[in-house]
Amino acid sequence: MESFFKLKENGTTVGREVVAGLTTFFAMAYIIAVNPTLLSNAGMEWGAVFLATIISAVVGTLVMGLVANVPYALAPGMGLNAFFVYTVCFTLGFTWQQALSMVFICGLLNILITVTKIRKYIIKAIPHSLQNAIGGGIGIYVAYIGMLNVGIITFDSGVPALAALNQPAFWLFLIGLVLTVVLLVCNVKGAILIGIVVSTLLGIPMGVTVTTDTVDFFEACAQLPTTFCAIFTSAGLPSLFSDLSKLPLVLVTIFSFSLSDTFDTIGTFIGTGRRTGIFSEEDEKAMDTTPGFKSKMDKALFADATATSIGAIFGTSNTTTYIESAAGIGAGGRTGLTSVVTALCFAVSAFLATFVSAIPFAATAPALVVVGVMMMSSFRDIQWDDFTEAVPAFFAGVFMAFCYSISYGIAAGFIFYCITKICKKQAKQVHPILWVSTVLFLLNFVLLAVI
């Protein structure tokens, strides 16, 4: 295990990696129940999506851990699944089989741009100021996710405000947050995981930790054939391209899926991997000097790209690298062993869905908030007194939370970076790939406005 995962080389231990893996799982376990509940609105069987969610998470996370040896977990992405249901199926009128087919093609497209190393070149084209902004912005985004999940921020009449703190979930969140902060300040090992577990247990007498109604494993297995390989039936890929008048709309939708998926992953890797040393400068050099897929970044990007198509085959929306992996990284995870532990937890959860779904957001939200605090340290390396550096960094950082999207935050940063460079007559300093990416973002916004 030591030689395979190179634990000592990465400054970690088996115990620390196990704790990190458990922390990541608990932070993102909500997807097990949330994803099938959401996709079932499009007419898909709950149990089938439940198993597809777990299978895609297990396969994608294992590939990430065993092949890339990095501590990231994958699962169907929130936001992308909502886009799948409410935009692609409800607004545009595609069937869920056709939507899955588009997700499958999106995965193949992501594999193509990964094999050709386009995604790698995009990462290398991003200036350091924006990389630091993305890291800090993801910190804000992660903390914001935690607060929204527990409902401590409300939007009554469209105005954001602090919710009335008279609900048990809020008190549990505050107790968990204080506990986790105290444990971290006191340098207690496994502080974040302890905070989640203790909060979950405290939530039982408070009525916050409750089980939900789910189908059992065998019922889910019986329903899986309804989505498994549905994209290869007449209702899937053949149906998607049968009406040539809809071809432009199909291509635009696939483009939107791919753009969001690609930059969500890039943002996650930059935001969490650079500051912690998971993706080092030596690894970046290996990306240029080593033929094939031998660097950590290359392998991690490939693992993420393949997961989307695998998930679509089984019956779920885009599978992507989860920002909640930051919770495990914050707990000390540095190698693929963290991912393997998380994948095993997902596998076991197939038989324990009722109990896993009982973990309340109020118990995991404190972990996301404190990890967000840790990640905001990236902002210190930005030259805030240089307005041309500060403007793109600001928009890249805060738009992630404001728009609830990593890719939109990156888009805002790219756009304003190009604008400031043009105004300073330094347009030649902008990497060509950055220009292309910015144009694609603008095109995507236009297309989304049209459809």
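## Residue A411 and its contacts

Leaving aside residues up to four places away in sequence, A411 touches F441 and F445. The model in which these contacts are found is a predicted one. A411 lies in helix α21. Its relative accessibility is 0%, and A411 therefore counts as buried, the cut-off being under 20%.

## Packing of α21 with α22

Two packed helices are described by the angle between their axes and the distance between the axes. For helix α21, spanning residues 406-423, and helix α22, spanning residues 432-450, the angle is about 120 degrees and the axes are 9 Å apart. The two helices are therefore oblique to each other. The crossing of α21 and α22 is left-handed.

On the α21 side, the contact is made by S407, Y408, I410, A411, F414, I415, Y417, C418 and I422. On the α22 side, the contributing residues are L434, W435, S437, T438, F441, L442, F445 and L448. By class, the residues of this contact comprise 14 nonpolar, three polar and no charged.

## Packing of α20 with α21

Helix α21 also packs with helix α20, which covers residues 387-402; their axes come within 7 Å and cross at roughly 165 degrees. Because angles over 145 degrees count as roughly antiparallel, α20 has that relation to α21. The crossing of α20 and α21 is right-handed.

Helix α20 contributes T388, E389, V391, P392, F395, A396, F399 and M400 to the contact. From α21 come I406, Y408, G409, I410, A412, G413, F416, Y417, T420 and K421. The residues of the contact of α20 with α21 divide into twelve nonpolar, four polar and two charged.

Y408, I410 and Y417 of α21 take part in the contact with α20, and these residues also take part in the contact with α22.

## Helix α5 and its buried residues

Helix α22 is also one of the partners of helix α5, as the buried residues of α5 pack against α3 (31-39), α6 (96-115), α13 (247-276) and α22. Within α5, which runs over residues 80-91, the buried residues are L80, N81, F83, F84, V85, V88 and C89.

G93 follows α5 and has a positive phi, near 85 degrees.

Key:
Residues are numbered from 1 along each chain as its sequence is written. This is a predicted model: local features need pLDDT of at least 70, side-chain atom pairs count only at pLDDT 80 or more; totals for chains, interfaces and linings use all residues. Side-chain values use heavy atoms; hydrogens and water are left out. Axes are lines fitted to C-alpha atoms, for helices over the stretch in contact, and angles run from 0 to 180 degrees between N-to-C directions. Helices (H or I, at least four residues) and strands (E, at least two) are DSSP runs, numbered from the N terminus. Angles under 35 degrees count as roughly parallel, over 145 as roughly antiparallel, 65 to 115 as roughly perpendicular and the rest as oblique. A crossing is left-handed if the near helix is turned anticlockwise from the far one by less than a right angle, and right-handed if clockwise. Contact means heavy atoms within 4.5 Å. Ala, Val, Leu, Ile, Met, Phe, Trp, Tyr, Cys and Pro count as nonpolar, Asp, Glu, Lys and Arg as charged, and the others, Gly among them, as polar. Buried means under 20% relative accessible area, exposed over 50%, partly exposed in between (1.4 Å probe, protein chains only).
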